[in-house]
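This briefing covers a pocket, the strand pairing and the salt bridges of one model. Please read it alongside the sequence and coordinates shown here.

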Amino acid sequence: MDQGPASFVTFSKTKDVNKETHTVSIDDLVKERDIPKIDFIKMDIEGAEINALNGAVKTIQEFRPKLAIAIYHQIEDFASVVNFISDLNLDYKFYLGHYTIYAQETILFAIPK
């Protein structure tokens, strides 16, 4: 739902949200396009980051790219995104970056060791 900085992705229709979009997972895109290497993945997709990470597991496991993932859309993402990546056991180091005086724009950086 486009509400400027308060935008978010929902996975069901509501009275305010009735448009659909079709997506493709990162894993499917890499396979379909026969992409030989992925160095960096950046996600700021309005609260759908965990869903997108689930669709990128094979790519992350195979290429161990640097990651920059927005975690400010949902408070639970401060822990769940770190835990998700950590549970892949790929030896990433984690850093937080915050780029405004407001709650928006907190980014988790995951860098392979």
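**Pocket lining, strands and salt bridges**

The lining of the second largest pocket consists, by class, of 3 nonpolar, 1 polar and 6 charged residues. The model is predicted. Its second largest pocket has a volume of about 170 Å³. The structure also holds 2 salt bridges, and strand β2 (residues 66-70) pairs with β1 in the parallel sense and with β4 in the antiparallel sense.

**Second largest pocket**

- The residues that line the second largest pocket are D27, D28, V30, K31, D34, I35, K58, T59, E62 and F63.
- Two helices, α1 (26-32) and α3 (57-63), each supply at least two residues of this lining.
- Among the lining residues are V30, I35 and F63, and the class count for the lining gives 3 nonpolar residues.
- T59 is also part of the lining, where the class count includes 1 polar residue.
- D27, D28, D34 and E62 are found in the lining together with K31 and K58; the count of charged residues there is 6.

**Strand pairing around β2**

- Strand β2 (residues 66-70) is largely enclosed by the rest of the structure, because 4 of its 5 residues are buried; the cut-off for buried is under 20% relative accessible area.
- Strand β1 (residues 40-43) pairs with β2 in the parallel sense, over 4 bridges.

**Salt bridges**

- Side chains of opposite charge can pair when their charged atoms come close.
- One of the 2 salt bridges in the structure joins the side chains of K37 and D39, at 3.6 Å from N to O.
- K37 has 55% relative accessibility and therefore counts as exposed, the cut-off being over 50%.
- The side chains of D91 and K113 also form a salt bridge, at 3.3 Å from N to O.
- D91 sits in the loop between α4 (77-86) and β3 (92-98), while K113 sits in the segment after β4, so this pair ties together parts that are 22 residues apart in sequence.
- K113 is exposed, with a relative accessible area of 58%, whereas D91 is partly exposed at 45%.

Notes: Residues are numbered from 1 along each chain as its sequence is written. This is a predicted model: local features need pLDDT of at least 70, side-chain atom pairs count only at pLDDT 80 or more; totals for chains, interfaces and linings use all residues. Side-chain values use heavy atoms; hydrogens and water are left out. On a 1 Å grid over the protein atoms alone, a cavity is a set of points where a 1.4 Å probe fits but cannot get out, and a pocket is an open set with protein on both sides within 12 Å along at least five of seven lines; lining residues have an atom within 4 Å of a point. Grid points are joined across faces, edges and corners, and a volume is the space filled by probe spheres set on the points. Ala, Val, Leu, Ile, Met, Phe, Trp, Tyr, Cys and Pro count as nonpolar, Asp, Glu, Lys and Arg as charged, and the others, Gly among them, as polar. Buried means under 20% relative accessible area, exposed over 50%, partly exposed in between (1.4 Å probe, protein chains only). Two strands pair if DSSP finds at least two bridges between them. A salt bridge is a side-chain nitrogen of Lys or Arg within 4 Å of a carboxyl oxygen of Asp or Glu.
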